[in-house]
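Here's a quick briefing to read with the model open beside you. Have a look at the fold first, then work through the points below.

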Amino acid sequence: MEKEKFITEQHKKARSFYRILGPVLLFIGAICLIMASIDFFTLQGFEEPKFFWLFFLSLPIIFIGFVLTGFGFGGAIAKYQSREYAPVAKDTFNYLATETTSGVKEISKAIQEGANSTQSLICYKCNGENLIHAKFCSYCGEKLVQICPHCEEVNTADALYCNHCGKSL
Ligand SMILES: [Zn+2]
Ligand SMILES: [Zn+2]
């Protein structure tokens, strides 16, 4: 991207000169081309085209005008394009960042769940240490879970109220 402070005074003058001269040359070239075309297509019989040389003159004028216009407005066009594309790049970056963040969250969630699985469930009857998802005590065989009759959620055997729906068990 072009930075204003890096553009010298001379460059600025040249640019504004190109901005005027470019379109002016394009305009002159277009007029020459139109005149040559009109002259060429309105020829009668074997009459020599008077302004045919204008056709050859107009093409380089249009070309130079086009190039100068490009010099004059090139910076502005580049700036416009960078403004147009910058938000897209930002969105792409945000999208990637969001995706990465959710990916990291998934991993940390999995790690946490793994850590939870090492947590133990204490039997309310014999105080034996069982695996968190154990349904029966490994030491006394007591039932460690009860299924809520209202929502079918798993609760500990000694629970009085469902941890999911709050209804009495
Ligand atoms: Zn037990
Ligand atoms: Zn329930």
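Start with Ile61: once its neighbours within four places in sequence are set aside, Ile61 is in contact with Leu25, Ile28, Gly29 and Cys32. Keep in mind that this is a predicted model. Overall, the protein has 2 helices and 4 strands, and along the sequence they run α-α-β-β-β-β.

**The core**

- Ile61 belongs to the largest nonpolar core, a set of 7 residues that also takes in Tyr18, Leu25, Cys32, Ala36, Leu54 and Leu68.
- Two elements give two or more residues to this core: helix H1 (9-41) and helix H2 (52-117).
- H1 is the top contributor to this core, with 4 residues.

- Take the contacts between residues at least 6 apart in sequence: 30% of them join residues at least 24 apart.

**The loop between E1 and E2**

- Two residues to look at here are Tyr124, which lies in the loop between E1 and E2, and Asn127, which sits between strand E1 (120-122) and strand E2 (129-131).
- Tyr124 comes out as partly exposed, because 14 other C-beta atoms lie within 10 Å.
- Leaving out residues up to four places away in sequence, Tyr124 touches Ala157 and Asp158.
- If you want a distance to check, the C-alpha atoms of Tyr124 and Lys143 are 9.8 Å apart in space, with the two residues 19 apart in sequence.
- Asn127 isn't a glycine, yet its phi is positive, at about 60 degrees.
- Is Asn127 buried or exposed? Asn127 counts as exposed, because it has 10 C-beta neighbours inside 10 Å, and the cut-off for exposed is 12 or fewer.

**The loop between E3 and E4**

- Glu152 is found in the loop that links strand E3 (145-147) and strand E4 (154-156).
- Glu152 is exposed, because 10 other C-beta atoms lie within 10 Å.

Notes:
Residues numbered from 1 in each chain as written. Chains lettered and ligands numbered in written order. Predicted model: local features only at pLDDT ≥ 70, side-chain atom pairs only at ≥ 80, totals over all residues. Core = buried A, V, L, I, M, F, W, Y, C linked by C-beta atoms within 7 Å. Buried ≥ 20, exposed ≤ 12 C-beta atoms within 10 Å, placed from the backbone. Contact = placed C-beta atoms within 7 Å.
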